[in-house]
Amino acid sequence: MKARIKNYLSISKKEWNGLVILVVLIALVLAAPYVYQLIRKDNTINFKDFDKAVARLNKLGSKAGYDPDNEKADPVEHISKVELTPFNPNNLTVKQWQQLGLTAQQATVIERYQQKGGRFYSKEDLKKIYAITPTDYLRLEPYISIPQTAYVSKKVTPGEIIELNSADAAKLAELNGIGPAFAAQIIRYRSRLGGFINKQQLKEVYGIDSVTYAEIKDHLLVNAANIKKIPVNTISFSQLRIFPYLSYKQANAIIEYRAQHGNYSSVADLKNIVLLDDRILRKIEPYLSFK
């Protein structure tokens with residue numbers, strides 16, 4: 001019996017070594033926090049400097065225009081350059097907005113609004129910009145000066161019609177909701193397309209949504225005779241590939257088919273190209289010339 005108990009409790013040398021290592025590791029883990037406290041030296045808090053920093057933040061925070069959420073802004077420089085004088089919000093640059101006490105982020109939001117055709121027709125319009133806080137608006141409102149007649153006269157009058165294929169960018173910018181940036185975008189798309197067949201094609205211009213289109217459509221007229229047709233029997237691939245209704249492969253297929261089979265005589269010949277289905281052919285037919 002005694003021998004059996006002795007055999008049961010006995011351990012090998014390998015097990016003994018493992019047990020020693022385990023005990024050492026446990027001891028090191030338990031001692032680690034105490035060793036860390038002995039090594040680490042806490043920084044002494046200078047309450048005088050801390051109080052000065054708090055007072056400085058309170059002073060900046062009490063001034064209008066300070067945006068604590070804008071970590072990139074330099075509040076000291078931002079406040080020190082504020083110059084409140086009468087201004088027309090339609091003519092200011094980003095830098096000039098900052099001189100009025102707005103942050104670079106706020107000024108950029110206004111710039112983007114104007115690039116998309118936004119205009120300030122009244123003082124209250126500035127308040128509608130989401131980046132302008134109520135405090136900012138109350139501070140700036142007494143200095144806003146908008147020559148109303150100048151901007152009203154630049155917009156289309158009721159019943160006025162603009163021909164979409166011949167209007168320049170300045171004329172298109174007279175449409176409500178269309179600014180210089182959108183007007184330039186329409187001109188670029190019209191140039192790639194060769195002209196508009198109908199005014200609904202305006203919705204194909206990036207940024208012209210249904211709301212904007214509904215607002216301007218009654219002031220538009222399209223003269224399809226003004227479109228520039230594609231000479232499908234002589235046009236090069238580099239010229240055809242910019243046509244927005246054809247993909248790269250479709251344009252290449254038209255050129256290759258012509259090279260292999262000769263000139264096209266009508267749109268029916270294009271039906272032999274597998275990549276061109278009936279929907280595409282109906283879309284491009286008004287733009288094709290087979291002379």
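## Basis and overall make-up

Because the model is predicted, local features need pLDDT of at least 70 and side-chain atom pairs count only at pLDDT 80 or more, whereas totals for chains, interfaces and linings use all residues. Residues are numbered from 1 along each chain as its sequence is written, and side-chain values use heavy atoms, with hydrogens and water left out.

The secondary structure of the protein chain comes to 16 helices and four strands, where helices (H or I, at least four residues) and strands (E, at least two) are DSSP runs numbered from the N terminus. Of the 291 residues, 33% count as buried; buried means under 20% relative accessible area, exposed means over 50%, and partly exposed lies in between (1.4 Å probe, protein chains only). The chain exposes about 19500 Å², of which carbon and sulfur atoms supply 57%, with areas taken from the Shrake-Rupley method with a 1.4 Å probe and, for residues, only the protein chains shown counting as cover. Among contacts between residues at least 6 apart in sequence, 54% join residues at least 24 apart, a contact being heavy atoms within 4.5 Å.

A nonpolar surface patch of about 1100 Å² is made by Ile11, Trp16, Leu19, Val20, Ile21, Leu22, Val23, Val24, Leu25, Ile26, Leu28 and Leu30. Patches are made of residues with over 30% relative accessible area and no salt bridge, like charges being joined within 9 Å and nonpolar side chains (Val, Leu, Ile, Met, Phe, Trp, Tyr) within 5 Å. One of the contributors, Ile11, is found in the loop between helix 1 (2–9) and helix 2 (13–39), and Ile11 counts as partly exposed because its relative accessibility is 47%.

## Aromatic pairs and a charge over a ring

A pair of aromatic rings is described by the distance of the centres and the angle of the planes. The structure holds eight aromatic pairs, the rings of Phe, Tyr and Trp (its six-membered ring) being paired if their centres lie within 6.5 Å, with planes under 30 degrees apart counted as stacked, over 60 as edge-to-face and the rest as tilted. The rings of Phe87 and Trp97 have centres 5.6 Å apart and planes at 75°, so this pair is edge-to-face. The pair links distant parts of the chain, with Phe87 in the loop between helix 4 (75–80) and helix 5 (94–99) and Trp97 in helix 5, ten residues apart; both Phe87 and Trp97 are buried.

Phe237 and Tyr248 also form an edge-to-face pair, at 5.1 Å centre to centre and with 85° between the planes. Here too distant parts of the chain are linked, since Phe237 lies in helix 13 (residues 237–240) and Tyr248 in helix 14 (residues 248–261), eleven residues apart. Phe243, Tyr245 and Tyr287 form one aromatic cluster, and the charged end of Lys283 sits over the ring of Tyr245, 4.4 Å from its centre; a charge sits over a ring if NZ of Lys or CZ of Arg is within 6 Å of the ring centre and within 35 degrees of the ring normal.

## Salt bridges

The structure holds six salt bridges, each defined as a side-chain nitrogen of Lys or Arg within 4 Å of a carboxyl oxygen of Asp or Glu. Among them, Glu141 and Lys123 meet at 3.7 Å, N to O. This pair links distant parts of the chain, with Glu141 in the loop between helix 8 (134–140) and helix 9 (148–152) and Lys123 in helix 7 (residues 123–127), 18 residues apart. Glu141 is partly exposed at 26% relative accessibility, and Lys123 is partly exposed at 29%.

Asp136 bridges to Arg139, with the closest N and O atoms 3.5 Å apart, and both residues lie in helix 8, three residues apart, about one turn of the helix. Asp136 counts as buried at 2% relative accessibility, as does Arg139 at 15%.

Glu174 lies in the loop between helix 10 (169–172) and helix 11 (180–193). Leaving aside neighbours within four places in sequence, Glu174 is in contact with Lys154, Lys155, Val156 and Glu160.

Gln114 lies in helix 6 (residues 104–115) and counts as buried because its relative accessibility is 12%. With neighbours within four places in sequence again left aside, Gln114 is in contact with Pro89, Asn90, Leu92, Arg119, Phe120 and Pro180.
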